[in-house]
Amino acid sequence: MNDDPLATLRDIHLPEPVSWWPLAPGWWWLLGALLITVGLMIWLRRRRSERRLSDAALRELTLLTTRCADDQAAFIQALSVLLRRCAVARFSPQEAAGLIGESWLAFLDRHGGNRDFTEGPGRALLAGPYSVDTHIDAVALTEITRRWICQAMQRKPATQTVAKR
């Protein structure tokens with residue numbers, strides 16, 4: 001018989017290594033905060049891009065109203081080009097670039113949220129660039145274009161001209 005009492009003891013058993021799964025609650029909080037931050041950054045970048053586009057379009061509208069103040073045919077042509085460029089930049093080129101005539105005005109009304117182009121002063125875009133004797137309301141046309149840019153680019157107009165009744 002063995003007189004050593006320690007010889008009957010078993011060797012030290014180490015615990016199982018700590019598993020990385022399931023994650024501790026702190027890691028879940030960190031992962032959630034990271035996902036929210038990335039989503040927020042993507043949303044802010046997209047919004048800033050849209051805002052830059054609408055700001056540039058509004059600046060160009062202001063420039064062309066002063067530059068083409070004397071020539072209404074040139075004003076209508078420049079306005080039509082500006083609207084087309086904004087529509088192609090904001091929507092797909094397949095959706096906006098090939099539209100002409102009444103379908104172009106209907107597109108503008110659909111994305112502008114009103115009927116200013118098909119039934120209002122925006123009708124000047126149809127024949128105005130091709131007419132020799134052009135008489136338009138440049139102020140009204142500028143205002144509906146400004147509202148369209150703000151609405152189509154998902155931005156609130158800088159000034160509200162519509163009075164509540």
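Start at Ala138, which sits in helix α6. This is a predicted model, by the way, so treat everything below as computed from it. If you look back along the chain to Ala124, you step over 14 residues in sequence, and the two C-alpha atoms are 9.8 Å apart in space.

Ala138 also takes part in a helix contact, on the α6 side of the meeting between α2 and α6. The axes of these two helices come within 11 Å and cross at roughly 5°. On the α2 side, the residues touching are Phe75, Ile76, Leu79, Leu82, Leu83, Cys86, Ala87 and Arg90. Facing them from α6, along with Ala138, are Leu141, Thr142, Thr145, Trp148, Ile149 and Ala152. Sort that contact by class and you get 12 nonpolar residues, two polar and one charged.

From α1, the contact uses Ser54, Ala57, Leu58, Leu61, Thr62 and Thr65, while α6 brings Thr142, Thr145, Arg146, Ile149 and Cys150. By class, this contact has five nonpolar, five polar and one charged residues.

Back to α2, which has another partner to show you. Helix α2 covers residues 72-90, helix α4 covers residues 101-112, and the two pack at an angle of about 60° with their axes 12 Å apart. That angle makes α2 oblique to α4. The crossing of α2 past α4 is left-handed. Leu83, Arg84 and Ala87 make the contact from α2, and Trp104, Phe107 and Leu108 make it from α4. In class terms, there are five nonpolar residues here, no polar ones and one charged.

Which residues have the most contacts inside the largest nonpolar core? They are Phe107, Leu108 and Trp148, in a core of 31 residues. Helices α1 (25-67), α2, α4, α5 (124-127) and α6 (138-152) each supply at least two residues of this core, and the largest share, eight residues, comes from α2. Zoom in on Phe107: setting aside its neighbours within four places in sequence, Phe107 is in contact with Ala87, Phe91, Glu95, Ala96, Leu99 and Trp148.

The secondary structure comes to six helices and zero strands. Of the 165 residues in the protein, 28% are buried. Take the contacts between residues at least 6 apart in sequence, and 55% of them join residues at least 24 apart.

One last stop, in the segment before α1, where you'll find Pro22. Most peptide bonds are trans. The bond from Trp21 to Pro22, though, is cis, with omega near 0°.

Definitions and conventions: Residues are numbered from 1 along each chain as its sequence is written. This is a predicted model: local features need pLDDT of at least 70, side-chain atom pairs count only at pLDDT 80 or more; totals for chains, interfaces and linings use all residues. Side-chain values use heavy atoms; hydrogens and water are left out. Axes are lines fitted to C-alpha atoms, for helices over the stretch in contact, and angles run from 0 to 180 degrees between N-to-C directions. Helices (H or I, at least four residues) and strands (E, at least two) are DSSP runs, numbered from the N terminus. Angles under 35 degrees count as roughly parallel, over 145 as roughly antiparallel, 65 to 115 as roughly perpendicular and the rest as oblique. A crossing is left-handed if the near helix is turned anticlockwise from the far one by less than a right angle, and right-handed if clockwise. Contact means heavy atoms within 4.5 Å. Ala, Val, Leu, Ile, Met, Phe, Trp, Tyr, Cys and Pro count as nonpolar, Asp, Glu, Lys and Arg as charged, and the others, Gly among them, as polar. A nonpolar core is a set of buried Ala, Val, Leu, Ile, Met, Phe, Trp, Tyr and Cys residues joined through side-chain atoms within 4.5 Å. Buried means under 20% relative accessible area, exposed over 50%, partly exposed in between (1.4 Å probe, protein chains only).
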